[in-house]
Amino acid sequence: MPETTYIEAITQAMAEEMARDERVFLIGEDVGVYGGAFKTSYGLIDKFGPERVIDTPISEIAIIGAASGAAIMGMRPIAEMQFIDFITCGYDMLVNFAAVNRYLFGRACPMVVRGPAGGGTHGGPYHSLNPEAMFMNRPGLKIVAPATAYDAKGLLKAAVRDDDPVLYIEHKYLYRRIKEDLPAEDYIVPLGKAAVRRKGKDLTIITWGAMLYVALDAANELAADGVDAEVIDLRSIIPFDEEAILESVAKTNRVIILHEAPLTGGAGAEFAARIAEKAFDYLDAPIKRVAALDVPTPYSPPLEAFALPDKAKVLKAARELLAY
Amino acid sequence: MVETYGLTRDQLLDIEYYLRLTRSLEERVVALFRQAKVIGGLYRSLGQEGESVAAAYALDYKQGDVVQPLIRNVGAILVAGAKPVDILRQYMAKGNSPTRGRELNIHFGNPQTDGFIGQISMLGDMIPVMAGITLAGRMQKKNLVGLAFIGDGGSSTGAFWEGMNFASVQRLPLVVIIEDNGYAYSTPTWKQSAARTLADKAYAFGCTGETVDGNDVLAVYDATKRAVERARSGGGVTLLEVKTFRMKGHAEHDNQAYVPKELIEQWREKDPVVRFERMLIENGFATQEDITAIEQRVKREIDIATDEADASPMPTPSDAALGLFDGDGYWNA
C-alpha cells in the first residue's frame with residue numbers, strides 16, 4: 001500500500017485484525033463516533049459497529065480493567081489510552097491484574113494497551129510521556145515501541161495475536177511525519193526482535209521509537225567525519241533482543257543508549273547493565289546514555305528542546321566515546 | 001409457612017449443606033493455621049456465610065454465570081463448584097493447588113471454566129474486571145450474569161466507581177453485592193462513607209439499588225435472584241447492599257479489640273446459619289437429625305480433603321522461573 005503514514009499503519013492493523021478475528025475489539029475514550037483524538041480509529045465504527053468499537057467514560061481503570069476481563073474470557077481487546085500519559089490512572093489494573101494472569105493463575109490475557117506517547121510536540125508534562133521504564137520492573141507485560149510505519153503495522157498485528165498482554169507505545173511525533181510503502185499482503189513483525197537500521201563498525205547507538213531518527217541523523221553527521229556508526233532499533237523493550245545488542249557491541253566496542261524518557265531509572269540503565277555484565281571484555285570505552293533530563297517534560301518549546309535528547313547530545317556523547 | 005422464593009426442600013437442604021461446609025471448612029483452616037500448616041494469612045467469614053452462599057446460589061452456572069468473591073466469600077465459590085481440597089491446598093501453598101503455589105487462599109479460578117474468579121488484593125479492581133467478563137459474555141452471546149462481591153471499605157475505591165459507572169452505562173448483566181460487615185480492618189463503616197446507606201451509591205450510577213438483611217439467607221437469595229433475572233433480561237446493573245457483621249478480626253492475628261463487645265454479642269444472636277436451621281426445623285423442611293447428617297457428611301468430606309491437601313507436595317523451587325508468558329509450556333504440562 002503506497003505511502004502509508006505511521007498512524008494509517010496503526011489504523012490498518014486494527015481494521016485488518018478486527019476483520020480477521022471477531023474476538024478483536026477496540027475500547028477507549030472517543031474511539032468510536034469521533035474516530036479517536038488523533039483519528040487513529042477513524043472509520044472503524046462504520047465497519048465494525050458500536051459493539052466492537054466501544055466509546056467509554058473517562059475511566060482508564062475501567063478501560064484496562066474491562067479489557068482484561070474480556071481477554072480472560074477469550075476476547076482479544078485493544079484498549080486505547082487517549083494519551084499514553086493517562087495509563088498511570090490505570091497502572092494498577094495493568095500491572096496487578098492484566099500482567100499477572102498467566103503467572104499467578106494460568107489464565108491467558110491476550111490484550112493490547114496502546115496509545116500516543118512521547119514528546120517533541122509541545123504537549124507539556126501530561127501529554128509527552130515515555131512510559132516504558134515504569135512497566136519494565138513489573139513482570140508479565142510485553143512492551144513494544146515501533147519507529148517505522150512498517151513496524152507500527154506489523155508489531156501491532158503481532159501484539160493482537162500474542163497470547164499475553166502487550167503495551168504498544170506509539171510515538172505521536174511520528175504519526176504523520178513518516179510514511180512508506182507497505183506490503184499489500186498480511187505480515188507481522190515478531191515481538192522481541194531488533195532491527196539494524198544502519199550498519200557500522202565504529203560505535204553502536206541503541207534506541208527505539210522516535211529517537212531512531214535522531215540516531216540516524218547523528219550517524220549521518222558522524223559519517224562525514226569518517227566515523228561509521230551502527231544504529232539498532234530495538235522495537236521491543238520486553239522481551240528485548242539481547243543477542244542483537246551484544247553482537248553489535250562485540251563488533252563496535254563502543255555503545256550509546258539513546259532514549260527519550262528521563263535518564264535515571266530509564267530503560268537504558270537496564271541495557272547498560274546487561275552490556276556491562278555480558279560484554280564487558282568487548283568494551284573499549286564506558287557505556288554512554290543519552291536521555292531526557294530528570295524532569296517532567298516542560299511545555300515551552302525552548303525548555304522542551306533543552307530537556308529532550310537531540311542530535312547534538314548524541315554527537316557529543318559519540319565524540320567523547322571515540323576520544324576515550 | 002415461610003416464603004422460600006421458589007426454593008424446593010432439596011434446594012434448601014443444599015443451601016444448608018453449603019452453609020455448614022463453609023463454616024466447617026474455615027474451622028479446619030483455623031486448626032491447620034495453628035499447626036503452622038497454613039503459610040499465609042487467614043481471613044474468616046464467620047457470620048457472613050449466609051449471604052455468601054445464598055447470593056451465589058441464585059446464579060446459573062450451567063449458563064456460564066460467574067461469581068467473584070472477596071476474601072470472606074469462600075461460601076460463594078463452594079456453591080460455584082470450588083473443591084475444598086483446592087482451597088486447602090491454596091492455604092497450604094502446595095504445588096498442586098490451582099495456582100501451583102503462586103497465590104494464596106481463594107485467589108484462584110478461571111471464569112471460562114470454573115464459574116468463579118478469585119479476587120486480587122487491590123480492592124475494587126474486580127468490578128471493572130467483572131464488567132469486562134460480562135461484556136465478553138454479551139459479545140459472545142452467552143447470556144451469562146456476573147456476581148461481584150465488594151466490601152464497605154472496597155466501595156470507597158476509585159476502581160469500584162469506575163467499574164460501576166462503566167457497567168451501568170453499558171447496562172451490563174452484573175450484580176454487585178456490597179457487604180457492609182461493620183468494619184474494614186479496624187475502620188467502622190461510618191468512617192468509610194457518609195452515604196446514608198451504601199446502596200444509595202446506586203443513585204450515582206443510575207443502576208438499581210437495594211438493601212437487604214445479610215443474615216437472612218432467604219432474603220438475600222430473593223434479592224439476588226431478582227437482580228440476576230433483571231441482569232439477564234437486559235435490565236442492567238444492580239447494587240445490592242447486604243447488612244451483616246464480621247464476627248472475627250480482619251485476620252487471625254487481629255483480636256478486634258476495637259469492636260465493642262456488646263455489638264459482637266448482638267450479632268451473635270443473629271447468626272445466619274443458626275437462624276436458617278431454625279427456619280428449616282420450624283417449617284418442617286428438616287429435622288435435627290437431617291441437620292446432624294449434613295454436618296457429618298461435611299466433616300467426612302473435609303477430613304478426606306485435609307488428608308489429600310496435607311499429603312500434597314510443595315512446589316518445585318525452580319518452577320518460580322516458569323510460566324510468566326505463553327511459550328515455555330509450563331501451564332500446559
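Helix α6 of chain B is mostly covered, with 10 of its 12 residues buried. A residue is called buried here if 20 or more other C-beta atoms, placed from the backbone, lie within 10 Å of its own, exposed if 12 or fewer do, and partly exposed in between. Helices (H or I, at least four residues) and strands (E, at least two) are DSSP runs numbered from the N terminus. The model is a predicted one, in which local features need pLDDT of at least 70 and side-chain atom pairs count only at pLDDT 80 or more, while totals for chains, interfaces and linings use all residues. Residues are numbered from 1 along each chain as its sequence is written, and chains are lettered from A and ligands numbered from 1 in the order in which they are written.

The buried residues of α6(B) are A159(B), F160(B), W161(B), E162(B), G163(B), M164(B), N165(B), F166(B), A167(B) and S168(B). They pack against α3 (60-71) of chain A, and also against α5, β2 (146-151), β3, α8 (201-205) and β7 (238-243) of chain B; contact means that the C-beta atoms of two residues, placed from the backbone, lie within 7 Å. From its first C-alpha to its last, α6(B) reaches 16 Å, close to the 16 Å expected at 1.5 Å a residue, where the expected span is 1.5 Å times one less than the number of residues.

Just after this helix, R171(B) takes a positive phi of about 50 degrees. R171(B) sits in the loop between α6 and β3 (174-180) of chain B, and counts as partly exposed because it has 15 C-beta neighbours inside 10 Å. Leaving out residues up to four places away in sequence, R171(B) touches G234(B) and G236(B). Its C-alpha atom is separated by 9.7 Å from that of A131(B), a residue 40 places away along the chain.

The view now widens to the two chains together. In their interface, 32 residues of chain B are in contact with 31 residues of chain A. On the chain B side, α5 (126-139) and α6 (158-169) are the elements that give two or more residues, and α5(B) provides the largest share, 10 residues. By class, this side has 18 nonpolar, nine polar and five charged residues. Ala, Val, Leu, Ile, Met, Phe, Trp, Tyr, Cys and Pro count as nonpolar, Asp, Glu, Lys and Arg as charged, and the others, Gly among them, as polar.

Chain B as a whole contains 12 helices and seven strands. Its radius of gyration is 19 Å, close to the 20 Å that the globule rule gives for 333 residues, so chain B is as compact as a globular protein of that length. The radius is taken over C-alpha atoms, and the rule is 2.2 Å times the number of residues to the power 0.38. Of the 333 residues of chain B, 53% count as buried. Among its contacts between residues at least 6 apart in sequence, 75% join residues at least 24 apart.

Chain A has 12 helices and 14 strands. For chain A, too, the radius of gyration is 19 Å, close to the 20 Å given by the globule rule for 324 residues, so this chain is as compact as a globular protein of that length. Its C-alpha atoms fill a box of roughly 60 × 40 × 40 Å along the principal axes, and buried residues make up 60% of its 324 residues.

An automatic or database domain assignment divides chain A into domain 1 (4-180) and domain 2 (195-323). Taken over C-alpha atoms, the centres of the two domains are separated by 26 Å. In the contact between them, 24 residues of domain 1 meet 23 residues of domain 2. On the domain 1 side, α6 (132-136), β6 (142-144), α7 (149-161) and β7 (166-171) of chain A each supply at least two residues, and the residues of that side divide into 13 nonpolar, eight polar and three charged.

The largest nonpolar core has 210 residues, and I256(A) and V176(B) have the most contacts inside it. Such a core is a set of buried Ala, Val, Leu, Ile, Met, Phe, Trp, Tyr and Cys residues joined through C-beta atoms within 7 Å. Both domains of chain A give residues to this core, so it lies between them. Beyond its neighbours within four places in sequence, I256(A) is in contact with residues including L203(A), I205(A), V290(A) and L321(A).
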